[in-house]
Amino acid sequence: MTSPLLLITFFFLLLQISLSHSALVLPLSHSLSTLHFNTTHNLLKYTASRSATRFRRHRRQVSLPLSPGSDYTLSFSIGSQTISLYMDTGSDVVWLPCHPFECILCEGKYSPSTIPNPGPLPLNLTSASPTTCKSSACSAVHSSLPSSDLCAIAKCPLESIEISECNSFHCPPFYFAYGDGSFVAKLYEDTFSIPKSTPSLTLPKFTFGCAHSALGEPIGVAGFGRGALSLPAQLARTSPDIGNYFSYCLISHSFDTTRARRPSPLILGRYDDDQRENKNNEEDEAAAVYYSYTPMLDNPKHAYFYCIGLEAVSIGKRRIKAPESLRRVDERGNGGMVVDSGTTFTMLPKKFYNSVVSQFDKQVGSIYNRASGVEETTGLSPCYYGEEGFFSNVPQLVLEFGGNSRVAMPRRNYFYEFLEKRRKVGCVMLMDGGDEAESEGGPAGLLGNYQQQGFEVVYDLELKRVGFARRKCANLWDALNQG
C-alpha cells in the first residue's frame with residue numbers, strides 16, 4: 001500500500017489572504033510526495049529523475065509546456081467552489097478536474113483528498129458556460145488555430161461559418177501533456193474570485209480547462225506563464241496593476257518537513273515600489289532589499305516561457321562562460337533558460353554542466369572524498385563525505401544573467417547535506433540536461449524551484465524583466481500579513 005502524501009505546510013491551506021497597498025498576498029503550500037520511497041536516497045533519486053524526464057521530454061516535444069509543479073499549490077474560487085491547484089510559471093493554461101473525473105495511474109499521488117477540508121473536488125459545473133469555437137480563448141488554447149478551422153472541427157455547418165453564426169458551437173476539446181502526465185479538457189467560463197480580499201477581486205468571465213480524464217495528474221494547474229490564458233494574463237485584463245506584476249518567495253525547506261512552518265507568499269501586484277529599486281537606503285542600509293534584474297528574452301515559438309539569458313556560472317573565483325544557446329533565443333525559439341516554479345532542480349546542457357561540476361570537483365575533491373555509492377543511489381553528482389561530520393570548504397556559486405545581473409546562491413540551494421549511515425554527505429544539486437546536439441530544440445536550460453528558495457523572484461511583465469532578491473520568506477509573509 002502506498003504511503004500517504006505529506007503536506008509540509010498545513011497552515012492557511014484553504015485561503016488566508018491579506019492586502020498590502022494594491023497587492024494581494026496568497027499562500028503557497030508546499031507538498032512533499034512520499035510515493036514509493038521512505039529514505040533520503042530514494043527521495044533524491046525520484047526527484048532528480050522526474051526533473052530530468054520532464055525537461056528532456058520538453059526538449060523533444062517543444063510544443064508542450066513544462067511540467068506542472070509537484071511542490072507548490074494555491075487556492076481560489078471558481079463559481080461557489082474553492083479549489084487548490086499547482087502554481088506553475090512554465091505553462092499558460094488554468095485547468096482543473098471536473099466531475100465525473102477519472103485519473104489513470106494516479107494511485108498514491110498528491111491529490112485534493114489528502115488536504116483537510118479541501119472543498120468540493122472534482123469541480124461540479126453548476127454555473128460554468130462552455131466557451132464557443134469563435135472565441136479568441138479557443139484559438140489560444142489550440143495553438144492559435146483560426147476560429148473557422150475550430151468551428152469546422154466542432155461541426156458547425158459551412159454556411160454558418162461563412163456568416164459567423166457559430167456561437168452555439170462549443171470549442172473542441174484540447175490535449176495538454178506534461179513530463180509525467182497529460183489530460184484532455186474543454187474550455188469553460190465562470191466567475192473567478194479571491195474571497196476575503198479587500199477589496200474583493202472578481203473576474204466574471206474567467207476561462208479555464210475542465211478535464212474529465214487525466215493520466216498521472218490528479219490535481220489541476222494554475223498556469224502563470226506569459227500566454228493569453230494564464231492566470232496573470234486574465235487578471236491583467238481588468239486589473240493590470242495586479243496581473244502584470246507578481247512575485248513569490250519560496251521558504252527554504254531542504255526536503256525537511258519541519259522547516260517550512262509558514263506558507264510561501266505569492267504576491268500579485270506591487271506591495272512597495274520604493275523597496276524594489278536597486279539603490280541604497282541611506283536611512284537604513286541594513287534593511288534595504290536589493291533586486292538584481294535580468295531582461296526577459298522573447299521566444300517567437302513559445303511565447304509563454306519566462307526565458308532569460310545565462311551568461312556564466314562562477315565557482316569560487318573561477319568564471320565559466322555559458323554557451324551561446326544559454327545566452328540567447330534564436331529565431332526558431334530554441335535556447336535560453338526558462339525560470340520555472342514547476343520543476344525542482346536546475347538543468348544545464350551536458351557540456352556546460354560537465355564544465356561546472358568538474359570545476360566544483362577540482363576545488364572540493366582535493367579536500368573531501370567522493371561518495372560514489374551515494375551518487376548511484378541518489379542520481380546526483382558529485383557527492384562527497386564531510387570531514388568530521390561537516391563541510392567547511394565549499395566554494396560560492398554565482399549565476400550571472402543578462403543585464404549584468406549576478407545572483408549569489410546560498411550554499412543550501414546548490415549543495416545538499418544529509419546523513420548517510422551516520423556520515424555527513426553533500427551533493428551538488430544541479431543536473432545534466434542532456435546533449436544539445438541530440439535534442440530537437442526548445443530551451444537550453446531551466447532554473448528550478450529548489451534553486452529559487454530563499455529569494456523573492458519578481459516577474460515584471462510591463463518592463464519584461466525577472467528580478468531576484470535574497471529574502472527571509474517567512475518574515476516577508478509575516479510582514480505582509482500584519483493587521
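**First stop: a strand**

Start by selecting Leu26, which sits in strand β3 (residues 23-32). Helices (H or I, at least four residues) and strands (E, at least two) are DSSP runs, numbered from the N terminus. You are looking at a predicted model, where local features need pLDDT of at least 70 and side-chain atom pairs count only at pLDDT 80 or more, while totals for chains, interfaces and linings use all residues. Residues are numbered from 1 along each chain as its sequence is written, and side-chain values use heavy atoms, with hydrogens and water left out.

Is Leu26 buried or exposed? Leu26 counts as buried, at 2% relative accessibility; buried means under 20% relative accessible area, exposed over 50% and partly exposed in between (1.4 Å probe, protein chains only).

**Zoom out**

Show the whole protein chain and you get 11 helices and 29 strands. Of its 483 residues, 58% are buried. Take contacts (heavy atoms within 4.5 Å) between residues at least 6 apart in sequence: 71% of them join residues at least 24 apart. The chain exposes about 20300 Å², with carbon and sulfur atoms supplying 49% of that area; accessible areas come from the Shrake-Rupley method with a 1.4 Å probe, and for residues only the protein chains shown count as cover.

Most residues other than glycine have a negative phi, and most peptide bonds are trans. Here are some exceptions to click on.

- His99 and Pro100: a cis peptide bond joins them, with omega about -5°. Pro100 is part of strand β6 (residues 94-104).
- Ser381 to Pro382: this peptide bond is cis too, with omega near -5°. Look for Pro382 in the loop between α9 (372-378) and β21 (383-385).
- Ser143: not a glycine, yet its phi is positive, about 55°. The loop between α2 (136-141) and α3 (147-153) holds Ser143, which is exposed at a relative accessible area of 68%.
- Lys421: phi is near 50°, again positive in a residue other than glycine. Lys421 lies in the loop between β24 (415-420) and β25 (423-428) and counts as exposed, at 73% relative accessibility.

**Into a cavity**

How many cavities of 30 Å³ or more does a search of the whole structure find? It turns up 3. On a 1 Å grid over the protein atoms alone, a cavity is a set of points where a 1.4 Å probe fits but cannot get out, and lining residues have an atom within 4 Å of a point. Grid points are joined across faces, edges and corners, and a volume is the space filled by probe spheres set on the points.

Go to the second largest cavity, which holds about 40 Å³ of space. Select Leu399, Phe401, Val407, Met409, Leu447, Gln451, Gln452, Phe455 and Phe468 to see its lining. Two or more lining residues come from each of β22 (397-401), β23 (405-409) and α10 (449-452). By class the lining has 7 nonpolar, 2 polar and no charged residues (Ala, Val, Leu, Ile, Met, Phe, Trp, Tyr, Cys and Pro count as nonpolar, Asp, Glu, Lys and Arg as charged, and the others, Gly among them, as polar).

**Last stop: α11**

Finish on helix α11 (residues 473-480), where Cys473, Ala474, Leu476, Trp477 and Leu480 are buried. These residues are on the same side of α11, because they cover an arc of only 160° around the axis, taken from the directions from the helix axis to the C-beta atoms.

Key. 1 Å grid on protein atoms, 1.4 Å probe; cavity = no way out; pocket = protein on both sides within 12 Å on 5 of 7 lines; lining within 4 Å.
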